[in-house]
Amino acid sequence: MKLQQTIKNIATTSILIALIFITTFLLKIPYGGGMGYFNFSDGLIIFFSITFNPFISITSSIIGTALSDLASGYIEFILPTIVAKGLESLFVYLLFRFFKENKYLKYLTFIIPPLIMVLVYFISYLILFNINFSYLSSIFDLIQGFIGVIISISLVTVFSHTNFKIFKEKLKYF
């Protein structure tokens, strides 16, 4: 029985890595001047972190987005991406766990983690580049985080009304 669960977790993690990679690498919109790219992974990261266990969601968030940085040629951002997306996924899981039964506070699950992601990238921009680059790129990161919030709330709303066991159990609070 334990072997079946392990295989199921590996398969699930692999599928989520692929989905996050696709929404990061293939659905990207480059910023002007080669400064980076806008992507849609945050919506899935938030949704997966609410829906799946923390090991699966954090692992898939880190690997999917880091592989996208590698494939895109942004090697210098692999470490900041690992920290930013790992913390984003972890904080979604923790906040949802603590606030899921509160009618209003549960929505902090969608708002705070993308802000943590923006802060991590802001610090990495300061280290790698300069203050002007940090402010300009952080504006794009805020927009990306905001769109991720919209995508994740939409996914939670849609999947909370399905008959799939995993979604019915985790999303019953919405």
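**Helix packing notebook**

I began with α2 and helix α5 (residues 108–128), which pack at an angle of about 125 degrees with their axes 11 Å apart; axes here are lines fitted to C-alpha atoms, for helices over the stretch in contact, and angles run from 0 to 180 degrees between N-to-C directions. That angle makes α2 oblique to α5, given that angles under 35 degrees count as roughly parallel, over 145 as roughly antiparallel, 65 to 115 as roughly perpendicular and the rest as oblique. I noted the contact as Asp-42, Ile-46 and Ile-50 on the α2 side and Thr-109, Phe-110, Pro-114 and Met-117 on the α5 side, where contact means heavy atoms within 4.5 Å. By class I have five nonpolar, one polar and one charged residues in the contact of α2 with α5; Ala, Val, Leu, Ile, Met, Phe, Trp, Tyr, Cys and Pro count as nonpolar, Asp, Glu, Lys and Arg as charged, and the others, Gly among them, as polar.

Before going on, I recorded that this is a predicted model, in which local features need pLDDT of at least 70 and side-chain atom pairs count only at pLDDT 80 or more, while totals for chains, interfaces and linings use all residues. Residues are numbered from 1 along each chain as its sequence is written, and side-chain values use heavy atoms, with hydrogens and water left out.

**Other pairs**

I next looked up helix α2 (residues 41–51) with helix α3 (residues 54–72), and found an angle of about 165 degrees with the axes 9 Å apart. α2 and α3 are therefore roughly antiparallel to each other. On the α2 side I listed Ser-41, Ile-45, Phe-48 and Ser-49, which meet Ser-57, Ser-61 and Thr-65 in α3. This contact of α2 with α3 holds two nonpolar, five polar and no charged residues.

For helix α4 (residues 78–99) and α5, I noted that the axes come within 8 Å and cross at roughly 160 degrees. α4 and α5 are therefore roughly antiparallel to each other. The residues in contact include Phe-91, Leu-95 and Phe-99 of α4, and Ile-112, Ile-116 and Val-120 of α5. I have this contact of α4 with α5 divided into 17 nonpolar, three polar and two charged residues.

**Whole chain and record**

I counted seven helices and two strands in the protein, taking helices (H or I, at least four residues) and strands (E, at least two) as DSSP runs, numbered from the N terminus. From the N terminus on, the order of elements reads α-β-β-α-α-α-α-α-α. The C-alpha trace spans about 50 × 40 × 25 Å along its principal axes.

I checked residues 73–96 and found 79% helix and 0% strand, with the end C-alpha atoms 34 Å apart. Residues 108–131 came out at 92% helix and 0% strand, with the end C-alpha atoms 28 Å apart.
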